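Subject: Structure handover

Hello,

Here is the structure I promised to pass on. Please load it first, then read the notes below.

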Amino acid sequence: MATFYLHSLGCRLNQSELEALARRLVGMGHGVVDDPARADICVVNTCAVTAEAERKTRHLLRALARANPQARIAVLGCAATLRPEELASFPNVAWVIPNEEKERAVEALTPTPGPSGHPLTPTPRPPSPSPPLWERGRGLGEEVRARTRAFIKIQDGCNNACTYCIVHILRGPVRSRPPEEVVAEIAARVREGYQEAVLTGVNIGAYGQDLGRKDGLAGLIQAVLTRTDLPRLRLSSVEPWDVGGSLLALWSDRRLCRQLHLPLQSGCEATLRRMGRRMTAAEYARLVEQIRAAVPEMAITTDIIVGFPGEDEAEFAESIAFVERMAFARLHVFPFSPRPGTPAARMEGRVPEPALRERAARMRELGERLAARYRRQFLGREMEVLWERRRQDGLWHGLTDNYLQVVTACPADLHNRITRTRLVGEEGGFLVGEVV
Ligand code: SF4
């Protein structure tokens, strides 16, 4: 039996895939550890959504080889699909597994024992001359044991063609898991003690298209709420054009968390057209109005790309004004990063680096102001908080259903408990709570 260290980069989908891998490995009797220095095999599920994500992949692979020169490394996922040869040349990398072969990763990493009976004995390698370096990252051993929030993959792939996006190229068309399988997985997580499940995928709003299901994501959510006792169900990102009345009606069940991450990408109509997005800013604004009428206090969060090719100061000003008007609860801001093979990478009008950085800083600053404004509405209120972990400073950290981050000083063990909590103050982007 071997010992694995698992590390996920990028999106929640990557994390959910690695959690599923961890469960299979543990089920087979292998070990999963939080420290790469104790592992026989390090597995990295990579991201290639931006050039920065690829840089992190390279950095992590080098750091792992230095942290444990004896361990072999398996590289999975989007960067492995985009640049297999380059990543295979990194020290200690023994497997490069692209997205289309990910499902078979366990079999590749744990072949049946040969005559020696020790298929996983690492090939000895000379120690790296570099000094040991390890930065703790998102190792999954701890998260799998934490058992508060489970990330459940419900589909893969996307049939859209946003011009900047490499993900739909690397992950292919929509493939959905059968609803019974998703419900069974969530029921199993509930039995293990998880309080919350997050439905993840590349494009979860497209769930069921390939299965010929008309009720799609709404039908799946309904099935989960009806057939399991899950205390909280949360959705990851949903494309705005996939949100309709049947989905919004589901929030009458308070177990569905009041958070919708609706990627906008730009608030400028002309930029959105060049991005190949399927919704105009005006349509997006009408949808936000409809959502707030149906579910008051819904945390609407979004992604914004700044410096898309051709975005001049006037377009950026239109975008930032629109974002302010939408009063988002949280923004994820990405400076444009050309991805090989995408139409946007070939577009003219590339925004110079200093302007990219300056626009990203302005948009992030707006994001912080909007987040603070959203958060402060809840000061003085009592809300339910799922406590996830105790921080190094001794404070418990948890989340409300509408994704407010709350901290509290409490001597009791709050881990994985949902408590009524009075929100009494604010400190560094967090609300300070008192357990009632
Ligand atoms: S909706 Fe657009 S950005 Fe999202 S995965 Fe599909 S093509 Fe990419």
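The domain bounds used here come from an automatic or database domain assignment. This is a predicted model: local features need pLDDT of at least 70, side-chain atom pairs count only at pLDDT 80 or more, and totals for chains, interfaces and linings use all residues. Residues are numbered from 1 along each chain as its sequence is written.

Domains

The protein splits into domain 1 (3-140), domain 2 (141-376) and domain 3 (382-435). Between the C-alpha centres of domain 2 and domain 3 there are 25 Å. Contact here means that the C-beta atoms of two residues, placed from the backbone, lie within 7 Å. On that basis, 18 residues of domain 2 touch 11 residues of domain 3. The side of domain 2 that touches domain 3 has 6 nonpolar, 4 polar and 8 charged residues. For these classes, Ala, Val, Leu, Ile, Met, Phe, Trp, Tyr, Cys and Pro count as nonpolar; Asp, Glu, Lys and Arg count as charged; the others, Gly among them, count as polar.

Sheets

Some terms before the sheets. Helices (H or I, at least four residues) and strands (E, at least two) are DSSP runs, numbered from the N terminus. Two strands pair if DSSP finds at least two bridges between them. Axes are lines fitted to C-alpha atoms, for helices over the stretch in contact, and angles run from 0 to 180 degrees between N-to-C directions.

Strand E1 (residues 3-8) runs parallel to E2, and 3 bridges join them. Within this pair, Thr3 is opposite Gly31 of E2.

Strand E9 (residues 196-200) is joined to E10 by 4 bridges, and the two run parallel. Glu196 has Arg232 in E10 as its bridge partner.

Strand E18 (residues 430-435) has two pairings to look at. With strand E16 (residues 405-408), E18 pairs in the parallel sense over 2 bridges. With strand E17 (residues 418-427), E18 runs antiparallel over 6 bridges. Leu431 of E18 stands opposite Val406, and Leu431 also stands opposite Glu426. E17 and E18 form a hairpin with 2 residues between them. In the turn, Gly428 has a positive phi of about 50°.

Helix pairs

Helix H8 (residues 179-192) and helix H9 (residues 216-227) have axes that come within 10 Å and cross at roughly 40°. The two are therefore oblique to each other. (Under 35 degrees counts as roughly parallel, over 145 as roughly antiparallel, 65 to 115 as roughly perpendicular and the rest as oblique.) H8 passes H9 in a right-handed crossing. A crossing is right-handed if the near helix is turned clockwise from the far one by less than a right angle, and left-handed if anticlockwise. H8 contributes Pro179, Val182, Val183 and Ile186 to the contact; H9 contributes Leu220, Ala223, Val224 and Arg227. By class, that contact has 7 nonpolar, no polar and 1 charged residues.

Helix H13 (residues 313-326) packs against helix H14 (residues 353-376) at an angle of about 15°, with the axes 10 Å apart. That makes H13 roughly parallel to H14. H13 passes H14 in a right-handed crossing. The contact uses Phe316, Ile320, Val323 and Glu324 of H13, and Arg359, Arg362, Met363 and Leu366 of H14. Its residues divide into 5 nonpolar, no polar and 3 charged.

Best regards
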